[in-house]
Amino acid sequence: MEKTIQCYCVNCRQVTNHAVLFSVKEHSNDDDYWWESTYSVVKCLGCESIQFHKEDIDESNFEYYGDGDIDTHPTITTYPRQRYKVEPIGNTWELPELVRGLYVETMDCLNNSRLQLAAAGFRAIIEAICRDAKVPGKNLESMINNLAKSHIITAKDRDHLHAIRFMGNDSIHSLKKYREEEVIIVAHIVNAVLTSLYLIAKKVKYLDMKPISKYTEFIDILDESIAKRTVGDVDILRNFIRHDRRIISEDIPGFENELKANITSGTYTKLSLCATPTTGHSQQYKIESI
């Protein structure tokens with residue numbers, strides 16, 4: 001009857017029964033300190049994947065109780081490695097090249113318990129994001145702030161990225177060691193930021209009803225509306241674009257200010273500015289051409 005052991009299966013992502021295909025043991029010949037290592041090739045009885053399994057035990061792995069019972073806590077090493085501390089995001093090929101390289105190496109450090117290197121690596125990822133976005137700044141602090149000012153990230157994300165910056169700086173300059181759970185929290189933050197900035201952002205491009213966020217897109221909507229009207233018509237801006245749900249109401253004042261500036265400078269000629277009516281406060285526009 002073949003020997004079986006229980007160990008973690010990377011493919012099944014849980015502890016399963018494994019058949020031992022081959023096994024070799026080594027042990028100490030030293031009377032002062034005892035240790036034993038068992039090297040095995042094992043096969044999952046669920047998915048049938050094969051992996052290497054090493055079990056190390058020495059005197060420090062024994063726990064003694066007053067009633068004479070003894071518990072052992074062996075150190076287990078497997079290849080492919082055991083469960084991730086934090087699961088890396090999928091589709092890493094969709095990340096910018098510089099970000100992708102740093103991310104893969106940093107997550108490898110984290111999942112192999114190289115916590116200080118991982119903390120420094122997460123800081124480097126934040127800097128790579130800033131450089132990919134081409135935001136200005138004399139240092140990482142100002143670049144992170146400009147990411148938020150450019151609406152690339154939220155104010156809350158800005159604070160999270162600064163926290164990662166602090167951790168990375170401490171790891172590099174002060175050689176501070178953070179607890180594993182702290183570095184794991186940072187990894188989850190980085191995963192969320194990368195997913196939002198790159199992976200989800202690419203998918204949103206395929207949605208027809210995504211919000212209008214650029215002035216050039218706003219002008220395209222305005223031109224379509226003007227084309228359905230008559231030269232000489234006078235109206236307020238909201239009536240020109242009121243049927244388009246893709247424009248967020250609070251974004252309209254910013255678009256309108258830029259439109260006024262372009263009409264005044266002669267950059268935009270399809271509309272002209274009218275005097276503000278005495279009975280209202282909204283700027284009126286006259287269609288000059290279609």
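Guide: A definition is needed at the outset: a salt bridge is a side-chain nitrogen of Lys or Arg within 4 Å of a carboxyl oxygen of Asp or Glu. Please note also that this is a predicted model.

Visitor: At what N to O distance do the side chains of Asp233 and Arg229 meet?

Guide: Asp233 is partly exposed, with a relative accessible area of 26%, and Arg229 is likewise partly exposed at 25%. The cut-off for a salt bridge is 4 Å. The side chains of Asp233 and Arg229 form such a bridge, and the N to O distance is 3.5 Å.

Visitor: How many residues apart in sequence are the parts tied together by Glu36 and Lys25?

Guide: The side chains of Glu36 and Lys25 meet in a salt bridge with an N to O distance of 3.9 Å. Glu36 belongs to strand S3 (residues 35-44) and Lys25 to strand S2 (residues 14-27), so the parts that this pair ties together are eleven residues apart in sequence.

Visitor: What is the N to O distance between Arg158 and Asp159?

Guide: Arg158 counts as partly exposed at 29% relative accessibility, and Asp159 counts as partly exposed at 44%. Their side chains meet in a salt bridge, with an N to O distance of 3.0 Å.

Visitor: Which residues gather in a patch of negative charge on the surface?

Guide: One member, Glu59, lies in the loop between strand S4 (50-58) and strand S5 (62-64). At 36% relative accessibility, Glu59 counts as partly exposed. The patch consists of Asp30, Asp31, Asp32 and Glu59.

Visitor: What radius of gyration does the chain have?

Guide: The C-alpha atoms fill a box of roughly 100 × 45 × 40 Å along the principal axes, and 36% of the 290 residues count as buried. For a compact globule of 290 residues, a radius of gyration near 19 Å would apply, but the chain has 31 Å.

Notes:
Residues are numbered from 1 along each chain as its sequence is written. This is a predicted model: local features need pLDDT of at least 70, side-chain atom pairs count only at pLDDT 80 or more; totals for chains, interfaces and linings use all residues. Side-chain values use heavy atoms; hydrogens and water are left out. Patches are made of residues with over 30% relative accessible area and no salt bridge: like charges are joined within 9 Å, nonpolar side chains (Val, Leu, Ile, Met, Phe, Trp, Tyr) within 5 Å. Accessible areas come from the Shrake-Rupley method with a 1.4 Å probe; for residues, only the protein chains shown count as cover. Lys and Arg count as positive and Asp and Glu as negative; His and the chain ends are not counted. The place of a charge is taken as NZ of Lys, CZ of Arg, CG of Asp or CD of Glu. Helices (H or I, at least four residues) and strands (E, at least two) are DSSP runs, numbered from the N terminus. Buried means under 20% relative accessible area, exposed over 50%, partly exposed in between (1.4 Å probe, protein chains only). The radius of gyration is taken over C-alpha atoms; the globule rule is 2.2 Å times the number of residues to the power 0.38.
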